[in-house]
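Here are my notes for you to read beside the model. Please keep the structure open as you go through the points.

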Amino acid sequence: MAILRVNGEERQYDGDSSMPLLWYLRDELGLIGTKFGCGQALCGACTIHVDGTAMRGCQTTIADADGLSVTTIEGLAADGDHPLQIAWRELNVPQCGYCQSGQIMQAASLLKDTPQPTDEDIDSAMSGNICRCGTYPRIRAAIKQAAAATQGAKL
Amino acid sequence: MTNPLNLSSTITNISRRGVLTGLGAGAFVLAVGVPGSIPAKAQDAKYGGDGMPNGLRDDPKIFVAIADDGTVTVTCSRQEMGQGVRTSIALIVADELEADWARVKVAQAQGDEARFGNQDTDGSRSIRHFFMPMRRCGAAARAMLEEAAAQQWGVPVTEVEASNHEIEHKPSGRRIGYGAVAKAAAELPVPERDAIELKDASRFRYIGKGEIGLIDGFDMTTGRAQYGIDTRLPDMVYAVVARPPVYGGKIASYDDAEALKVPGVLKVVTIEPTPIPSEFQPLGGVAVIARNTWAAIQGRSKLEITWDDGPNKAYSSDTYRETLEAAARKPGAVVRNSGDADGVLAKAEKRLEAEYYIPHLAQASMEPPAATVRIVDGKCEAWACVQAPQATRDRLAGRLGIPVEDVTVNVTLLGGGFGRKSKPDFVVEAGLLSKAMDGAPVKVTWTREDDVQHAYFHTVSVERLEAALDAGGKPAAWLHRSVAPTIGSLFGPDPKHELPFELGMGLVNLPFSIPNIRIENPEAVAMTRIGWYRSVSNIPHAFAIQSFVAELAHAAGRDHKDYLLELIGPDRKIDPTAIGDGWNYGEDPKLYPIDTGRLKGVIELATQEAGWGRSLPKGRGLGLAAHYSFVTYVAVAAEVEVDEHGLLTIPRMDIAIDCGPQVNPDRIRSQMEGAAIMGVGNTLLGEITFKDGRVEQNNFDGYEVARIDASPKEIHVHLVPGPDYAQPLGGVGEPGVPPIAPAIANAIFAATGKRIRQLPVKEQLSV
């Protein structure tokens, strides 16, 4: 029996604890905001926070997260008003939108560690997150805008 | 009471995939198995949206609903895959309707072309074809609201005016909201098309303004947006499929004993393979159905399958390239011939020739193909991320033996499409598996490996160019041989030549002022599934032609930009049919001639903004390319830097686009940005190769696409101001891609002196 907190709520699972969190979140809990893109930690579409650190949901098992706290895009901010989410909307970042949950979760982790990131910081932190539509220029701009909006405050 | 303007309508079955219709006269037509029709006579020809299967609709009772509280719901019949079409369609209707954008919602149409008109979302056609019908929809609904208000007040309709979600009686100043008269308005007849008064463009609130937020922006940034992979139904089960690794292969034998031992695995079933040509039907294979996706994937990994590889087991990219090159070095089917290119080339004192190789690509949308289907009481319902919902409906009906009126296709958001999701093979798989599970809802998910290995691949091609040069270094004769397996191979028995729509993608419709031009298309046999990939055949054609022009300019010791402008020649409007292109993107050649002035205009704009001619530090270079596609003109100036290790970065890219009138400028910019980045991936990284009939790449490690660190540091998009809104619109989704690769290749040459004739660049610059 694995016990974990998902978006603040305690969850127990007594099935196959080698199942990646990605599929547990999506198929068992219905938290479809975490996306499947590659299954091999190559694209970042499934990025979530485990105890506050960005992780790939496709490579982190339920057993790995036993006793830990998991945050998905649905739990990032109560009303979808995280500074990154606001900046993403103001700059019309998404095209198809599919990878953007993972992009935002990765960027949130970046801003937590590096509140005023440079272009190099952004490229380095975000290069594991693929966007096939090519929204990278706006992702860069939105991260900077969110960073400016929070003026370095801890997110 | 909601949706009072929405009246029910009979759903009938009229459907054809429109990909090959409206091709008009051309060098080749498909003889057999074409899912569509080609107009028999020139006088029957219809163009634009009218020429597509099931044409266009502009009935507000189909597309507009207004609730009692005034909420306007616009039904979008085109599929959203990142181009912003749900926002753009809604804003067109909202503008003509004089609706307050804050009170506008969008609903997605089910697949039903008898009701909605053509829904096949490809070819950069949505706004190009639906701008005017959607304007008429909004304007007609506005007129009906005004009429209803006038009747309620007992005043002449000429005394009332709708504005920003209200109708005002001008003499008295009385006002009434849209919601209060919507029901009465819905009872009124829709005005005749000729009687509909469109707004003057000076009164547009949203069209062309670029200040509209994405209608799906909130959902997409909060994880609420629903894609094909996100469908959840009661009692749904999950499937993955092991498909034949070689196109045309089938199961020789299989053992599922170990797979069935995996906890959560419910059943293993086979899917019959579709013989070549397999069109949009499944490849067949062995499916594992389980209680969740993970169990299905685990179960599949335990299957023991022996495949009978079939006729394509010898397909290997190395030897296939040699076959294409050999074909390109001999004459082939002549698809355009003016003057005497052969004679001039034979006698030329100075000639230049070059061969270019452009590999297969996989669309690799971030959302892999995924679909859910259930069958209840003989009726089939699907939820799927498809570009062509009517084609999906037809294929489900045909393969399941269910009348098409009993098949419903609900279209989700598409997590990218790029042409892959025009083909509903994955939805048919879900249908067959639901049938095998007694109609239970089955979700089929393609893993990334499935997607990379079983795409409908972008063609692979060899482009050979030869020019005879005059004393001034200009081409007196031009010979281009394009050899590439055709998308027609999906439909016809072994066709070996490019179809008119492929030839018309920048090959035969070469807008250069050269006295002797000969273009040939030697044979190529497809050995895998060839399909549409964003921008399609424009990619190899533009890469070869725009690289070759730079090579000619260099050989002549001329500035590339000046040389290119001279090659295009004087401003003129070329009738595409006069130069061998009877297709012209399905558009009327009179409305859409090739306008060399506009082509030169984007070249001037991109180069001016990029500072063409400025001196650059060592290791940096500026490259230029321009291409006309999807009836739009795009030029790109790319600046690259190549360091002493051969590492390439792109400090800046300037893209100029002339797509005619602009509906949603922000989404035009975003499409150019995205095209630039996808183009960077195509140029530097992307390649699918085959060995022994099998794709050698599996995932994003072997099949690389552009990441943020490869993205240009700056992308500047320059929009040529649109003419008046009565002028024809150009496409936007695809025309940005073709000039990217040659612009980068030409910049690499400027920076390093190394000429790139083979894509991707990958390690070619390593020192």
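1. Start where the two chains meet. In this predicted model, 45 residues of chain A are in contact with 48 residues of chain B. On the side of chain A that touches chain B, five helices each supply at least two residues: helix 1 (21–28), helix 2 (83–90), helix 3 (100–113), helix 4 (119–126) and helix 5 (136–150). By class, that side of chain A has 22 nonpolar, 16 polar and 7 charged residues.

2. Now take chain A by itself. Its domain assignment gives domain 1 (2–75) and domain 2 (83–150). Over C-alpha atoms, the centres of these two domains of chain A are 21 Å apart. Their contact takes 14 residues from domain 1 of chain A and 11 residues from domain 2 of chain A. On the domain 1 side, strand 3 (47–50) and strand 4 (53–56) of chain A are the elements that give two or more residues.

3. Next, look at a helix pair in chain A. Helix 3 and helix 4 of chain A pack at an angle of about 130°, and their axes are 10 Å apart. An angle over 145 degrees would count as roughly antiparallel, and 65 to 115 as roughly perpendicular. Helix 3 of chain A is therefore oblique to helix 4 of chain A. The crossing of helix 3 of chain A past helix 4 of chain A is right-handed. Helix 3 of chain A brings Gln106(A), Ala107(A) and Leu110(A) to the contact, and helix 4 of chain A brings Asp121(A), Ala125(A) and Met126(A). By class, this contact has 4 nonpolar, 1 polar and 1 charged residues.

4. Move to chain B. It is divided into domain 1 (53–222), domain 2 (229–311 + 369–445) and domain 3 (500–519 + 531–765). The centres of domain 1 and domain 3 of chain B, taken over C-alpha atoms, are separated by 36 Å. Between them, 18 residues of domain 1 of chain B are in contact with 21 residues of domain 3 of chain B. Helix 2 (85–97) and helix 4 (126–153) of chain B are the elements that give two or more residues to the domain 1 side. Helix 2 of chain B gives the most to that side, 4 residues. The domain 1 side divides into 7 nonpolar, 8 polar and 3 charged residues.

5. Why is helix 8 (residues 293–301) of chain B largely enclosed by the rest of the structure? Because 8 of its 9 residues are buried. The buried residues in helix 8 of chain B are Thr293(B), Trp294(B), Ala295(B), Ala296(B), Ile297(B), Gln298(B), Gly299(B) and Arg300(B). Their cover includes helix 1 of chain A. From chain B, it includes strand 7 (237–242), helix 7 (257–261), strand 9 (265–271), strand 10 (285–290) and strand 17 (442–445).

6. Finish with one residue. Ile167(B) lies in strand 5 (residues 166–169) of chain B. Is Ile167(B) buried or exposed? Ile167(B) has 26 C-beta neighbours inside 10 Å, so it counts as buried; the cut-off is 20 or more. Leaving aside neighbours within four places in sequence, Ile167(B) is in contact with Leu145(B), Glu146(B), Ala149(B), Val160(B), Ala162(B), Arg175(B), Ile176(B) and Val181(B). Ile167(B) and Gly177(B) are 10 residues apart along the chain, and their C-alpha atoms are separated by 6.3 Å.

Definitions and conventions
Residues numbered from 1 in each chain as written. Chains lettered and ligands numbered in written order. Predicted model: local features only at pLDDT ≥ 70, side-chain atom pairs only at ≥ 80, totals over all residues. Domains from an automatic or database assignment. Contact = placed C-beta atoms within 7 Å. Nonpolar A, V, L, I, M, F, W, Y, C, P; charged D, E, K, R; others polar. Buried ≥ 20, exposed ≤ 12 C-beta atoms within 10 Å, placed from the backbone. Axes fitted to C-alpha atoms, helices over the stretch in contact; angles between N-to-C directions. Parallel < 35°, antiparallel > 145°, perpendicular 65-115°, else oblique. Left-handed = near helix turned anticlockwise from the far one by under 90°.
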